[in-house]
Amino acid sequence: MSGMMNDVNSPEAQGRPMLGKQELGELQASNKWKWPEVEEILSYLNPWWNTILVSSCVIAVLFDPLFFYIPLIKEEEKCMGIDNQARTAALVLRSVTDIPFLVHIIYKLNDAITAASKVPRDTNPNSESGLVSRVQNLQMVQFVKACSRKLSWRSFLTDVFAVFPIPQLLMVGLFFNLGGSNYLLKRKILSSFLLLQYLPRIYRIYLSSITMTHSVLWVKAAFNLFLYILASHILGAFWYFFSIQRETSCWYQSCITSQPESKCTFYCHHRTTISVELNTTLNHNCVLKVPYYTDDPPFDFGIFFDALKNDIQGPINLQHKLVYCFWWGLRNLSNFGTNLQTSTHLLENTFVILISVTGLLLFLYLIGNLQIYIAKATTKAEEVREKFETKRHDIEKWMTQNGLEEDMKAEIRRNIKQKLEEDISVDLDDIISILPWYTRKPLKRALCMNTLRRVPMLNNMDEKVLKLMCDYLKPMKYQENHLVFKMGDPLDRMVFITEGVLWTYKAATKSTGEAIGLPTSASIDTNVLKKGDSYGHELLLYASSYYKIPTSPKNLRCHTKVEAFVLMANDLTDIVNKCKSKNLWSLDNDASNDEARDRVAPLKRF
């Protein structure tokens with residue numbers, strides 16, 4: 001029996017095929033969680049990838065100057081040492097900011113190779129064996145050309161040069177191992193490469209600035225401020241680095257007069273203590289504490305004298321160095337380097353020229369943005385003024401016809417101008433919709449309070465209830481000949497007319513809303529509703545006593561364009577519930593719809 005039960009429950013008995021072990025293993029493996037594919041990750045990051053690259057570039061440019069703070073001067077030992085804190089921070093931060101560029105480079109290469117592999121290449125399977133190698137070489141050339149066409153070389157090379165480890169190689173690996181003949185020349189060449197390594201990253205920041213042409217003002221202002229901070233930070237780091245080189249140059253020039261050139265490298269990590277005679281010579285020729293009566297010091301340090309005099313290049317706290325050098329860069333960048341007293345040294349004067357030109361360019365960039373902003377603001381103000389003036393007469397006429405007070409008129413004018421400044425394309429034909437809620441609320445009360453008082457069933461209603469009903473009203477516009485209600489349709493709203501003329505009549509209509517008989521027919525009793533009138537009073541009884549939803553006793557059609565406020569059935573129900581809980585809801589039950597219609601004169605009966 002158990003065997004029969006097993007047969008019944010088997011996959012074959014239930015019409016399902018038997019799975020083998022291999023198929024079962026594949027099925028179980030497919031049900032396991034899978035890592036997302038590279039394409040899925042890239043498609044998710046693609047909208048943000050350019051922002052990530054630019055942010056990485058900005059952070060890298062901010063932290064790259066830390067490499068210039070790696071060397072320091074030990075004045076007592078007359079040697080140049082290494083700031084381990086600055087070195088560790090610079091290497092770690094540079095490595096982290098290089099990761100997005102490496103990923104971007106690999107992705108671009110992979111994308112180009114994938115696209116090139118899909119390009120058809122000339123192949124001939126019947127080629128003779130002697131021509132196989134030539135065909136393979138030709139295919140390889142075609143493949144390389146296809147890859148090169150798929151790559152954006154300017155962007156690709158910019159990323160390659162930006163990620164190239166120039167600071168790591170020069171400052172950590174080579175700078176502290178220079179020596180031998182032409183020592184100063186080698187160091188100048190090294191400094192030039194350190195300056196050039198900023199160009200690719202600055203170029204990418206420049207490309208990102210181009211995309212901010214249509215950005216808001218505060219974004220451009222923040223970007224301009226960032227450029228000032230960045231330039232001050234970089235120039236301060238250069239100043240610190242060059243001040244160390246200036247002092248070691250003084251030591252070198254003083255040393256080679258009495259010592260072999262191989263002994264004049266001044267690195268703390270592979271030299272013994274200098275002799276007393278050499279120390280005395282260096283203190284005399286490279287004096288930093290110049291007496292006030294000395295007008296002609298032995299060595300002119302130029303613009304680097306302040307750093308050396310204040311011992312900024314010594315083994316002090318890294319944060320103190322950064323802040324002091326940043327302040328020096330910001331101060332001299334702001335005045336275009338006009339207060340700097342230079343020596344006759346070529347590179348020093350070149351550095352000061354760089355400061356002046358950079359400060360001037362940033363200033364011109366700021367002035368250019370201000371001019372663009374002023375031009376746009378002037379143009380926009382003129383457009384706002386012209387558009388307001390074209391509608392000013394209609395707006396003033398509308399406010400006068402509705403009997404608005406002067407305070408309300410001034411508030412409406414101010415809000416319209418403010419809305420135009422925010423969006424010049426705003427529709428001034430619908431004034432109420434563009435006003436803020438705190439202006440719309442008293443305006444609706446001013447426009448509709450008298451209309452509500454004219455409703456017979458609201459004769460005894462408290463003033464607070466009428467104000468609450470005004471607050472729930474919604475503006476509505478109807479075109480000429482529009483059928484608002486068809487006779488027999490559910491009354492889902494009350495209509496309070498503020499502008500225009502409507503007709504009510506009992507002629508039958510088609511399903512499309514078109515009247516079968518014209519309102520001018522002799523058999524049709526046609527009434528007119530105009531400004532100050534309302535329609536749909538039966539809805540008050542429905543909301544008060546929870547009767548069934550009333551239907552429209554007549555057709556309601558627009559004779560002209562109509563502006564009105566509507567009170568929806570669900571909003572009226574909410575009003576009634578709120579007011580009943582406070583005993584404020586009191587309808588005039590003696591009033592009838594006929595009494596309400598008697599207050600409207602008939603247009604004409606034919």
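I call a residue buried under 20% relative accessible area, exposed over 50%, and partly exposed in between (1.4 Å probe, protein chains only). The model is predicted, so I take local features at pLDDT of at least 70 and side-chain atom pairs at pLDDT 80 or more, while totals for chains, interfaces and linings use all residues. Residues are numbered from 1 along each chain as its sequence is written, and side-chain values use heavy atoms, without hydrogens and water.

Disulfides next. I count a pair of cysteine sulfur atoms within 2.5 Å. That rule gives two.

I checked Cys-79 and Cys-268: their sulfur atoms are 1.9 Å apart. The link is right-handed, with 95 degrees about the S-S bond. Cys-79 sits in strand β2 (residues 79-82) and Cys-268 in the loop between α10 (217-255) and α11 (276-285), 189 residues apart. Helices (H or I, at least four residues) and strands (E, at least two) are DSSP runs, numbered from the N terminus. Cys-79 is buried because its relative accessibility is 1%.

Then I looked at Cys-250 and Cys-286. Their sulfur atoms also form a disulfide, 1.9 Å apart. This one is left-handed, because the S-S torsion is about -105 degrees. Cys-250 is in helix α10 and Cys-286 in the loop between α11 and α12 (305-309), so the bond ties parts 36 residues apart in sequence. Cys-286 has 3% relative accessibility, so I log it as buried.

Is Cys-448 buried or exposed? At 0% relative accessibility, Cys-448 is buried.

Last, helix α14 (residues 346-401) holds Leu-360. Leu-360 is partly exposed, because its relative accessibility is 42%.
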